[in-house]
Amino acid sequence: MLNESDNKILFLTQTEYIRREYATSFLPFKGITQDLAYRLLKNATFGAIPHLGAGILAAEAMSLGYKVDFREFYDSIAPQNIDQYSLVMASAMDIGIDKIKALATSLQDKHNFVVGGLGPTAICNELIEEFPNLTVVKGEGEGLIGQIITDFQTQGELASIYQRNQSVDLSQCANEPYIIDPSYRRLPLFKGAIMKPIEITRGCTQACYFCSTAGKPVTVKPLEIAKQEIDQIGLKRHDILFFIDQNLCGCPQDYSEELFDYINRKGYLWIGEGTIADYIGNEKLMNTMAKNCLSFLVGVEDFFNPVKGSPVKNDMQKDFVYLTHTLRKYKMPITYSIVFGTDEQTSDIFDKTAEMIMSLGITPLTHIATPRVGTPFFNQLQRDGRLFDLISEHRNMRDNIVYSPKNMSPQELLVNFGRFHKQIHHPRVIAERYINNLKDCGLRYATGLLIPDLVMWVSTLAPAAISLQKEGYKVQSQQYS
Ligand code: B12
Ligand code: SF4
């Protein structure tokens, strides 16, 4: 049995969107100034989004009398600081797998270490084979924390794998008390953040071949519960409601209209992402959504080649010019997610894409196609023997190529990606985009789109340039207008 003072859980979760070493490596200042600049950047952008999944799990532990402390997953923590916790938990995406393995090595034999999230779930069996003392939660963790704590208290040891019998159905979330328990909102990680995460749906209507969520059925929270949760967050004037849903447009249209009307009446700003093409024909809904939206991410991935598994993305491609004009007319501040390095693309994709972006004046969020363990894309690359770099941290979509694309060499992809960024996220181009957006659509629209532009500039251009330099490549600059 545990003493009262032992009832403490350390929860390690990723909160850095832009890894500290990347963001600071190019800053001209050093020491405290560098630290301050990094914090400012982190808090003003996506880096300050707390992990909602971890909050929900913390609520469950707290309801059982446990205290939960959060620490950044990548921070190093002195062993004596770990000793005060009876359980150590960590959440990791695919990118954090190697860090999970390093933590499991350092904690094994001494601590009960429980891991979960998309990363460990995808390689659950491999992990427990390599680390027999490790506990992996496969898939969603709701309801399992209680079971883990009970096993720990009664038997002193944990099973290797915990898994729910059924996946969470958000329409029944009233039966999953931790999802709607607001207690974790009072923890410093959540209270202190400007971006307040909330989820309305789980799953997605599409099945993109590179995505870990593909094929998961969509479930939606009852509208009254969603509104109640928004009220419970207690947003302040400068806070932003961040819908973490993989695809917010999985909500029925009348539901979304009522939800965003409620948000508008409260005067809250919000950010989200989804397959907006599903909604675009509904003028009333679009106007309601656009009113207080600060930024909405739409996955297009490629303007010219089909996206396997996504009928909506392929339809968007066909009518892309109309789509962008219509969304601009609604003053909906959209960033378009674009991916380079897929098997369909040849090296002319960079110039064609840059021309399209510049001619339409849209804001892109660009990534290097990156295989996620367990997806059809990953399995295909593995079957073909095209994965040459298995370091999980290199799957960061920014400055590393971990596989050989079909129609270009990894070097060609990296060099062109760096060159593309020099053009599209050049400070002059960002400034021009900002001024045009300001003139056409006003301050909220322009500022909402400036944030992702700046994030791209910092998070991708700098590391891309650094990595190109490291590799000895010369980036040729070319102008688009
Ligand atoms: C908020 C968010 C972030 C935040 C916060 C990070 C975080 N830890 O969540 C920030 C901005 C930092 C971030 C960064 C990145 N992110 Co992100 N992020 C999300 C987002 C939108 C929400 C996460 C969330 O709360 N989900 C809801 C909860 C309920 O689900 P969950 O997190 O999976 O948690 C459940 C289970 O997995 C499980 N579980 C999870 N952890 C644990 C731990 C334990 C101990 C247990 C028991 C159970 C458990 O229980 C939870 C409840 O059911 C998701 C998309 C999404 N909707 O999930 C993407 C997502 C997780 N991110 C993703 C990616 C790719 C990234 C980046 C690599 C992007 C980039 N280009 O840089 C970076 C990585 C940064 C880094 N430093 O390495 C991918 C991960 C894909 C994968 N298979 O790995 C996702 C799925 C988006 C996507 N569709 O591509 N992200
Ligand atoms: S639309 Fe987005 S969340 Fe849905 S399967 Fe495609 S990439 Fe994944």
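**A helix pair and its surroundings**

Helix H3 (residues 52-63) and helix H8 (residues 144-155) have axes that come within 8 Å and cross at roughly 45°. That angle makes H3 oblique to H8. Angles under 35 degrees count as roughly parallel, over 145 as roughly antiparallel, 65 to 115 as roughly perpendicular, and the rest as oblique. Axes are lines fitted to C-alpha atoms, for helices over the stretch in contact, with angles from 0 to 180 degrees between N-to-C directions. Helices (H or I, at least four residues) and strands (E, at least two) are DSSP runs, numbered from the N terminus.

The crossing of H3 and H8 is right-handed, meaning that the near helix is turned clockwise from the far one by less than a right angle. In this contact, Leu57, Glu60 and Ala61 of H3 meet Ile145, Gly146 and Ile149 of H8; residues are in contact if their C-beta atoms, placed from the backbone, lie within 7 Å. By class, the contact of H3 with H8 has four nonpolar residues, one polar and one charged. Ala, Val, Leu, Ile, Met, Phe, Trp, Tyr, Cys and Pro count as nonpolar, Asp, Glu, Lys and Arg as charged, and the others, Gly among them, as polar.

The model is predicted: local features need pLDDT of at least 70 and side-chain atom pairs count only at pLDDT 80 or more, while totals for chains, interfaces and linings use all residues. Residues are numbered from 1 along each chain as its sequence is written, and chains are lettered from A and ligands numbered from 1 in the order in which they are written.

H3 also takes part in the shell around ligand 1, where its four residues are the largest share. Strand S3 (87-91), strand S4 (112-116) and helix H6 (118-122) each supply at least two residues of that shell, as does H3. Ligand 1 is surrounded by 39 residues, the closest being Gly53, Ser91, Asp94, Gly116 and Gly141; a residue is near a molecule if its C-beta atom, placed from the backbone, lies within 6 Å of it. This shell has 16 nonpolar, 15 polar and eight charged residues.

Domain 1 (4-170) and domain 2 (185-471) both give residues to the shell, so ligand 1 lies between them. The domain bounds come from an automatic or database domain assignment. Taken over C-alpha atoms, the centres of domain 1 and domain 2 are 25 Å apart.

Terms used
Contact = placed C-beta atoms within 7 Å.
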